[in-house]
Amino acid sequence: MMEPSENAASNQSAEPLADGSLEHVVTGAVGHPRRRAVLAYLTEQRRPVLLEDLAVAVARREYDSPSSEDIEEVLTALYHRHLPKLATADIVDYEGEGDWISVELTGEDTPLKASLEASLGEDVNEYYTT
């Protein structure tokens, strides 16, 4: 298992944004299929989940029968690349250390929700859960 920093949340905004517009931030955050798989799983669960469980769920979406190495690769990529990008866009929160890193969607009034409502022209409360 990887060894995260003492405070995972403090590393969430390490990546600078080239364009600070809401549309650019949200589009960049959800532009990768793995990040969309994260959001789909978190939306299905409607509760905080452990990073390890999230990695297993995402690996199962990507591989027919994920090996432990596949799951470890997904977990490492989530922790170091994908979760920081989603956190910078204020779409997810994650905290903890070691085997106890918890990941969850942020509150109801997030850039993701605002972007969805703007693009759909409707209230997305029935689709967007925390």
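Q: Leaving aside its neighbours within four places in sequence, which residues is Arg35 in contact with?
A: This is a predicted model: local features need pLDDT of at least 70, side-chain atom pairs count only at pLDDT 80 or more, and totals for chains, interfaces and linings use all residues. Residues are numbered from 1 along each chain as its sequence is written, and side-chain values use heavy atoms, without hydrogens or water. Contact means heavy atoms within 4.5 Å. With neighbours within four places set aside, the partners of Arg35 are Gly28, Ala29, His82, Lys85 and Leu86.

Q: Does Arg35 count as buried or exposed?
A: Buried means under 20% relative accessible area, exposed over 50%, and partly exposed in between (1.4 Å probe, protein chains only). Arg35 has 9% relative accessibility, so Arg35 counts as buried.

Q: In which helix is Arg35 found?
A: Helices (H or I, at least four residues) and strands (E, at least two) are DSSP runs, numbered from the N terminus. Arg35 falls in the run of residues 33-45, which is helix H2.

Q: How are H2 and H4 oriented to each other?
A: Axes are lines fitted to C-alpha atoms, for helices over the stretch in contact, and angles run from 0 to 180 degrees between N-to-C directions. Under 35 degrees counts as roughly parallel, over 145 as roughly antiparallel, 65 to 115 as roughly perpendicular and the rest as oblique. These two axes come within 10 Å and cross at roughly 85°. H2 and H4 are therefore roughly perpendicular.

Q: Which residues of H2 make the contact with H4?
A: On the H4 side are Glu73, Val74, Ala77, Leu78, His82, Leu83, Lys85 and Leu86. On the H2 side are Arg34, Arg35, Val38 and Leu39.

Q: What pattern does the chain follow along the sequence?
A: The secondary structure comes to 5 helices and 3 strands. Read along the sequence, the pattern is α-α-β-α-α-β-β-α.
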